[in-house]
Amino acid sequence: MSTKTESRPGEGSSKVKSNARSVQTKKDDSIMGTNDSSIVSKRSVSRLYFPQEPDFYQPFVQKYARRNPLINRGYWLRMHAIEQVVRQFLEADKDKPRVVVNLGCGYDPLPFQFWHRYPSLCQNATFVDVDYSQLIEKKVDRMLTDCLTRDSLLKTHLRPSQQPVYLRSDNYAAIGCDLRNLDTLENILKEEFQVTSVSALFVAEVSLTYMPVADSDAILRWGSTLSDDEAQFCLLEQFLPQGDRHPFARTMLQHFNKLQTPIQAVKQYPSLHDQIERFKAAKWPTLSIARNLWDLFLDDDFTPPQLRRSLDAVEPFDEWEEFALFAGHYFLILSTNYALGSTKPAIYCEATSGSVDTNPEAAVQQVVLTSHDPPAGPSPTPRRFGASFALGSDTVFVHGGQGVQRRLDSVDVLVRQSHKADIQPQPVPLARICHTITAINTTEALLVGGRTSPAQALSDCWYLQGDAWRQVEELTPARFRHSAVNVCVPSLSPSRDSEGNSVLIFGGKTGPADVLGAWSLWRPNHGWTNVPVVGPGPTARFGAALSTLPLSHHKGLVVGGMDADGTIRSDVWEWTLSVAPELQLQFVEHTNELTHGAKGTAYARLGASLLPQGDSLLLIGGVSKKEVLGLPDDFLLISCGMTIHIEKPRVNIAGDIWPLLVGFSAVSVSRDEIVVAGGGAVIFSMGSFWNHGLLSITRYMPEPVVPALWSVTVHHAEKSEQVLPIDAPRLAQSPRRLKAKAKSHGKNRRKEDVRRRPAVSRVRIHSPEDFVEILASSKPVILDGLDIGPCTSLWTLDYLKEKIGPERDTVIHECSSSRMTFTTKNFTYVKKPFGDFIDNIKNGGHTYLRAASSNQPNKLPTKLEDDFPTIASDFRIPFELSFIQTKYHSSPLRISGPVSLWLHYDVLANILCQVTGSKTLTLFPPSDVSHLSFPPGSSSSNIDASKPTHPSTHPHTADLSPGDVLFIPPMWAHSATPEQGHSVAVNVFFRNLESGYAAGRDVYGNRDLAAYENGRRDVERIVKGFKGVPRDMARFYLERLAGEIVDKAIGDGQEEQQVG
């Protein structure tokens, strides 16, 4: 698109005009840069969600990068929304000529997708791509040089064209034109397509919002007047449903400002209502769609339930709250130029508000929201999806959840400053999220389930008595996002009212797509009992709000939650737990009997908390069925009498705060006070937001009593060994536990030496930029919490044997001892069927596979997708490591029995992705090279790294469990030892240098740099230069030269900083 501006006499010097053009050019370049990022994400969606389709994004994205599930789901929804609008436009009258004009198209391959999916609808349709001239020129060039897109275009009968029409056929055109030059664009459309006499659909997907508002408004007005026939305008972009102070909106705006591509339209049209009025002012008489994307996702007509359900089969997904926040900040408007009196019906009407309609004359209760930051000492740990429980009114415990860098095993103990905690439970159970902890009385509590990843639910349960956790009977199937409440089981004995306090559990998820509907009861002296439901009751769901009624411990309500179809439930059920004639639950549905504020569905939420407060129940936070909630809308009071009455309380906010009430945990500490800890969200690809401090929600009193402030004590598992489940799989064991086990049972190692070795740090990253920073530090780290695919649960030895094929010939290492040595070759290379190799592994054989290329093992590096295609889709490089995709070299599969790999270094940077089993690595920094006995020109050493090494070395240990990803920088020497019977890993190598690598083949990623290879030849030449010189003199000069080289290497004398 041209960015030149017309020059006018008297407007200033040429230098000023040049500077103005330069500023505009930079802005345009930044806007075009947003296309580069979005098209990579769309290709990720295309490859995952449409695997049977041709990859129409490949010509525009050279290196495939798999995005994380949240970004994939968000872009899938954007793509789905546009597809629905275009498809319905083409279906309306498919025999009539129609034109689809994509304004600011970028590299989007929309025409190719429609030609493939809906060929009959496209026979009389022409797709027109419009964008900057330089972008369109590149797009056309890539389309014509790629066989797939070129062949598709040839079928549409290409014809000659002249710029700014860069490509023209019977069904397609690519126009390079600045959208600010509407006269030029209009002339082209009239001349090429007779647009004034055909039906036209203008599509603008997150493109106009980067333009000055006056320019984008002009485009909307222009579109409404261009066609004498039917015209439609589809606009999809961001908006601010709760203003620019909402935590998601604030983070989103900061992100785009940082990219120097501020979104402009939200400044003048922040709300959906403002956008509707904008279209009316632009002379569009009818809006057939005006809704946010979250609302459209949950609309069964726009996104059918079976389609929503099918998404969960593509990849594990559990970021529902973050997805709802993202989709709730994007809208879709479809306007038409025919009047309401037309016979053409609206496709979907504008959504009604989901907020509760309360009676303004009714007496409205008030709640007070106060933020507490401890005046001294530590603050509460930022965490999402943890679990909190109160032991009395003065002590609250918050356990687990997702922290800034990893899943947490720590406990925050919140204590009133006027009170001293009598219980500080240590040690603590395994790190997890989405679990529940329910207080049974003032000294006891029960922890149930949770997960490590969406595909790894936990079934273990822990009973807190006094200051110690004890594992009790597990609850099967494993589950997370279930609901829990403390109940009293009625007693059949006339001498007592109840059998004591118990914990009632409902629903939850046991996997990415498996939702539970059963009810279970845990009693301290009985363990778990499945509770039968008599009559109708709530359907299976997760994330529902569950509570007892204020004056009862065996009756309560269950509200909201999400079912397996991705529908947020709008039903309200009252439950009663009874023991006559046997333990059972009975339900009464009140959905159609709600009074006052029940006109809307704001009570239909996912991830909300329901807690007694006063004589009512307070519904807090979560995401609603229709729209993003504002802070006052986060709270609803539910009163239970003869009917269920819902109203929105008046929320008095103490101070300038706006917490994000998703992923939080809440607990009642008294009849009048609720404490909220943690919470926040990943803001799509734009950053993260964390709630800080803690919140107190109190009932408003005319003469309020201010509760005493809270202080915080943080208890980490590192201070006391973590409690692990009995017979826990290796996946569940902490690195600390693994290390202790290795010390106790490992052979051929000295305990004192191993104990002194520092551990490689564990970190959690959230973006590719975070990994680039780690790469620049050139220090090993264990990356925790990344998604490497379902391989961690699928790749058992039997599964690999079946998928790869038991008869496939494989070259492996066979060794007679438990440690392989490369320089003395105490192993042999053996070709044998893969099934025999696996059987040998099962029998404890000292055997090892480092996969090689199946085609040319001596010439080509191995790649999982080429050499093991039957299992390649199980493994993925996480989105956060997408930098690797652009520098990708190889991805060898490693399967090892109980045998240690020799000490070696790699010249290429790499990540070791532990899939199954566990493994301990010993690593040495590059500065230790002179003490590690590497023979000249070799990258392998015979040193036994598990034993004490030279006192000047700096060994580090890395304990890997399934799902861990170890970044190994170049030249960090390392050896590896499985800590159980076998280990399976994928090792991904990549080039992190722009230059310097040796020319020619590098099959294994350890060929030394060109400078070193050349230097070794120079050494030989230098040594030969002293031929005939007395030995002592030659040594004198050679040592001086060696010293000079060392001095050059050290530089200013500062030694390389070691990992601490």
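Ser-778 sits in the loop between helix H16 (768–777) and strand E44 (781–783). Ser-778 is not a glycine, yet its phi is positive, about 55°. Its relative accessibility is 30%, so Ser-778 counts as partly exposed. Buried here means under 20% relative accessible area, exposed means over 50%, and partly exposed lies in between (1.4 Å probe, protein chains only). Helices (H or I, at least four residues) and strands (E, at least two) are DSSP runs, numbered from the N terminus.

This is a predicted model: local features need pLDDT of at least 70, side-chain atom pairs count only at pLDDT 80 or more, and totals for chains, interfaces and linings use all residues. Residues are numbered from 1 along each chain as its sequence is written, and side-chain values use heavy atoms, with hydrogens and water left out.

**Other backbone features in loops**

Cys-434 also has a positive phi, about 60°, although it is not a glycine. Cys-434 lies in the loop between strand E13 (411–416) and strand E14 (436–439). With 7% relative accessibility, Cys-434 counts as buried.

| Cis bond | Omega | Loop holding the proline |
|---|---|---|
| Gln-163 to Pro-164 | about 15° | between strand E3 (158–159) and strand E4 (165–169) |
| Thr-476 to Pro-477 | near 0° | between strand E19 (468–472) and strand E20 (483–490) |

**Overall make-up and confidence**

The protein has 24 helices and 57 strands. Buried residues make up 57% of its 1060 residues. Contact means heavy atoms within 4.5 Å. Among contacts between residues at least 6 apart in sequence, 71% join residues at least 24 apart. The protein exposes about 43800 Å², and carbon and sulfur atoms supply 50% of that area. Accessible areas come from the Shrake-Rupley method with a 1.4 Å probe; for residues, only the protein chains shown count as cover.

Confidence is given as pLDDT, the predictor's own score for each residue, from 0 to 100. The mean pLDDT of the protein is 85, and 86% of residues reach 70 or more. Helix H13 (residues 320–328) has the highest confidence, at a mean of 98, and helix H14 (residues 735–745) the lowest, at 35. Over residues 340–362, pLDDT stays under 50, and the model has 43 contacts beyond four places in sequence for them. Over residues 718–755, pLDDT also stays under 50, with 72 such contacts in the model.

**The nonpolar cores**

A nonpolar core is a set of buried Ala, Val, Leu, Ile, Met, Phe, Trp, Tyr and Cys residues joined through side-chain atoms within 4.5 Å. The largest core has 92 residues, and those with the most contacts inside it are Val-86, Leu-90, Phe-127, Trp-294 and Leu-332. Helix H2 (residues 69–92) gives the largest share of this core, 12 residues.

Which residues does Leu-332 contact, leaving aside its neighbours within four places in sequence? Among them are Ala-81, Val-85, Cys-234, Ile-289, Leu-293 and Phe-302. A second, separate core has 43 residues, including Val-763, Ile-765, Phe-771 and Leu-783.

Helix H2 also holds Arg-87. Arg-87 is buried, with a relative accessible area of 18%. Beyond four places in sequence, Arg-87 is in contact with Phe-114, Tyr-118 and Leu-121.

**Helix H18**

In helix H18 (residues 797–804), the buried residues are Leu-797, Tyr-799, Leu-800 and Ile-804. Seen down the helix axis, they fall within an arc of 160°, so they line one face of H18. The arc is that of the directions from the helix axis to the C-beta atoms. The cover over these buried residues includes helix H17 (791–794), helix H19 (834–842), helix H21 (869–872), strand E49 (893–896) and strand E57 (983–990). Gly-805 follows H18, with a positive phi near 110°.

**An open sheet**

Five strands form an open sheet in the order E24-E28-E27-E26-E25, with mixed pairing. Strand E24 (533–534) and strand E25 (545–548) stand at the edges, each with a single partner strand, so one side of each has no neighbour in the sheet. Two strands pair if DSSP finds at least two bridges between them. Strand E26 (residues 555–559) and strand E27 (residues 572–578) run antiparallel, joined by 5 bridges. Leu-557 has Glu-574 in E27 as its bridge partner.
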